[in-house]
Amino acid sequence: MQTLKSVLKEHKLVTILYLQELALFLIVFIPLAVWFHSQISRNYFGTTLSVDFLFEVLTKGGAPVVAALFIALILFLFILFRIYLMGGIFDALMGKYSGLPRLMSEGATNFFRFWLLFMVYSVPLLILSGIVGKFTGYLASHSPNQAMPVIMMIANHTTAILLLVLFSFWHTTARFKTLVNRRIKFSLSIQGKPFLWFAWYQLISVTFLVVFAGLSVILLTRAGTLLMIAGFLLMQIGLYGRNLFKLASYKLLS
Amino acid sequence: MKKMILILIVASLPALALDYNISITLNPKGENISGTETIVWQNTSDTATDILPLHLYMNAFSNNRSVFAVESGGKHRGNRMDEKETKGFGYCKVTGILLNGENAMDTFRYISDIPDAESLGLCWKDEVTKTIKPDRTIGIIQLSKPLQPGESVTLKITFETKFPRVFARTGYWQTFFMAGQWYPKLAVFQGAKGWNCHLFHYNSEFFADFAHYTVSLTVPQNYVVGATGYLENETNTGNTKTLTFAVDNVHDFAWTAWDHWKVATDTWKHVKLFLLYPPGHEGTVQRQIEALKAGLSGYAELCGEDYPYKKFTLVDPPMQAAGAGGMEYPMLVTGMFPSTLLPAGVRIPEMVIVHEFGHNYFYGMLASNEFENAWMDEGMNSFATAYAMERHYKYDVDFPFLKMDGFDEARMGFASYKGPDFPGKAAWEFSPAGGYSNLSYNKPTIYFRTLENMLGREKFLQIFHTYFARYKFKHPTPNDFLSVVKEIGGEQAEDFVRRMLYTRDIIDYAVTRATSRKTPRFLGLKDFKPIPETKKDKKKEKRKYENTIIVENRGDFRYPVTVVATMKDGSRQEFEWDGCGGWHRFAFESMSPMTVAIVDPDRIYACDISLKNNAITLQPRTGSSMTKLALTISQFVQMVFNITSLSI
């Protein structure tokens, strides 16, 4: 709780992290909204919106490919920028936040080491997840029991989440050690209390995201404008809270 | 009453000139069957014949140079024929033939072994190319003397069929077997037109004569079997059991055997329903049975008569054998249930079940030639599927934010087609670049819906009722159907269907201009001097709006259409246009400004190729939906970022 309070005091770091996510939202939302609105002005779909709109307008020509490439590129750039940002945020978490310019400069200093660490931990994670997926896939595809694919899917996802928690803890610990030592330092050690906090945060995060995925579809599509806004705000507040817990779990390592 | 119906059905059936008596043993380890088949055929035509052609469809999978393998590129509905491992290949080998008791094996040749096969007149000239060989999907027995009209012949064939690893509707997976087109099958003799016997093409399906079937299957004791026909007898011998099925008046026989099958039963009116499903699919039984009943009811309504047989078997193959799914046989079809997690709002399995069941009408009883006129089974049946699904479920995809019926799917599919073909072609005549599915399934679906809208449901149903009553248990041709359309729907209806089948003619109405502006105050001269405007004039004047709508007929049909203008205050103005002359202008005044001008607002012309140009909206009403859509996608991107950056 004390850790949470100390992070709350440094709410600026949480805000910076959240602002990046808000920026991502806006960068996708604004062009999409403008494009969609332009596609209904003065035609049939401005009066009646049916599934034909998807086909006759949104998927016409190369639009889906362009939109998908645009979103993929944006996601890639934002992940790079997140790694950059975390270089500065970790530095501030270990000491004290001394303004955005300092945070950005520390981010630049740590970027390549953090990038390398990200690769070092994410590649084995992907390989291991792939092996688990292959194994569960094999069991699923060879059993006459058609419930087996569902069981194996749950087993696969659970294992993947557990692996993710484990690897991301090592990754985070390594980032702290790297900053302390000012050189790349790998980590395989697990410290009890921070790990539990970390595992708890990650599981809550995943649950939140999965639950919200379903909830947002209902809120955003079924309801009127007010509920739509409520859904949007709920999501943003949730993301802010999630960042708060994320930094608190990191802080425990320092 | 039930008895009387059955007596009437039986009495209405033509006398059968063909009889199959088949006895086979399944060898699961060898993935094959072997046995004997006795075919008794009577030449009921007025023309003699000196050959007997047999379809040996399973040979399409015996090498990678068969017509089927080359045309398909070894792929069918997303499944691959594994060309590297010949163990997974299949074949149907004729090992002995007795013709009226005498050995006739010497006279038997596979079609690709006959040097001048084209001279037999079995296949169309454009159907065979010299580069596609060897194809052994047809075998020819040469008769020592012509079989005269009225004469019969008895063939006793011993054969072995090796199943392919499940591919293109048939085959094995582990101990599962789906047997379709598994036995030597006599082609259809059409008298003076000769034998109708095509090669097995990638796009094409099948054509056969109605017959009496008696089939004895010997399988391991622990196997569960589902089959066409009625179970007449079951005997146990040691580790095996023999099941004998018999049925009259079907033109094919299919079966499935697996030691893991689970069985659910139900009834619909006089029909006993069997569902064979794999373990783990218990939770889907209710959905599948409901879909089957929806099909039974929907088709009875459309065709005017209930499904006449007393038994129907639905097979839900395991997903590892998905290639066996979605296929029709008389009294037995295979569905497809890809995952138990499939939401109830995604009614794709239901749609497949309704569609495959429906083939028992459009293929099973109305046994058109699937090789030459795929639209007569697939096209009519796709329309009937959408019709039955709409009657029972309303939508195929049913979520609060996305609703889609079969007609939507068909229209979207057809509108994407830009090729040169039309539906009235033989299966192999379609461009390999694609179009067969779109034109055989989608185009007839939305054109028939348009016809229904144009004629009204009652008259439209009368067409299908008459067509079914007149041609059930026969081999109707396109002209048979067109003559019924003309008789009931009139010449315009017949012309519409004919052009749908044999041309690329489309319907496309468009609103190309819509304006609404306040009527300008009259300005002019009195005695060549300006009229002064008084304050009173200004106050009292309440000017009307001048509205103009221009509609165009960009399609090929000249049909009347309705144009509707909606004003801001909710009032409407409706106009009729005969669709002739290319374009038409409507000008009118209103007290409130026009907000929307729309042509064909009730979507009578369901096949209109572009909906987008059907209206001009001066004040869009769907803006908030667009915002919601953009918001949903953007939040999903946010969520994806959050998941991918969990550990960063």
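Chain A holds eight helices and zero strands, where helices (H or I, at least four residues) and strands (E, at least two) are DSSP runs numbered from the N terminus. The structure is a predicted model, in which local features need pLDDT of at least 70 and side-chain atom pairs count only at pLDDT 80 or more, while totals for chains, interfaces and linings use all residues. Residues are numbered from 1 along each chain as its sequence is written, chains are lettered from A and ligands numbered from 1 in the order in which they are written, and side-chain values use heavy atoms, with hydrogens and water left out.

Read along the sequence, the pattern of chain A is α-α-α-α-α-α-α-α, and its C-alpha trace spans about 65 × 55 × 35 Å along the principal axes.

Turning to the interface, 76 residues of chain A are in contact (heavy atoms within 4.5 Å) with 64 residues of chain B. Between them the two chains bury about 6,100 Å², 68% of it on carbon and sulfur atoms; buried area is the accessible area (1.4 Å probe) that two parts lose on being put together, summed over both. On the side of chain A, Arg42(A), Tyr44(A) and Gln146(A) lose the most area to chain B, together 13% of what that side buries.

Across this interface the rule finds 30 residue pairs in polar contact, both residues at pLDDT 80 or more; such a contact is a pair of N or O atoms within 3.5 Å, and within protein one must be able to donate a hydrogen and the other to accept it, with residues adjacent in sequence counting only if both atoms are side-chain atoms. Helix 2 of chain A gives the most to the side that touches chain B, with 13 residues.

Side chains of opposite charge can pair when their charged atoms come close. A salt bridge is a side-chain nitrogen of Lys or Arg within 4 Å of a carboxyl oxygen of Asp or Glu, and the whole structure has 33 of them over all chains, whereas three are found across the interface of chain A and chain B. Two salt bridges are listed here.

| Salt bridge | N to O distance |
|---|---|
| Asp52(A) and Arg603(B) | 3.5 Å |
| Arg82(A) and Glu21(A) | 2.9 Å |

Because Arg82(A) lies in helix 4 of chain A and Glu21(A) in helix 2 of chain A, their pair ties together parts that are 61 residues apart in sequence.
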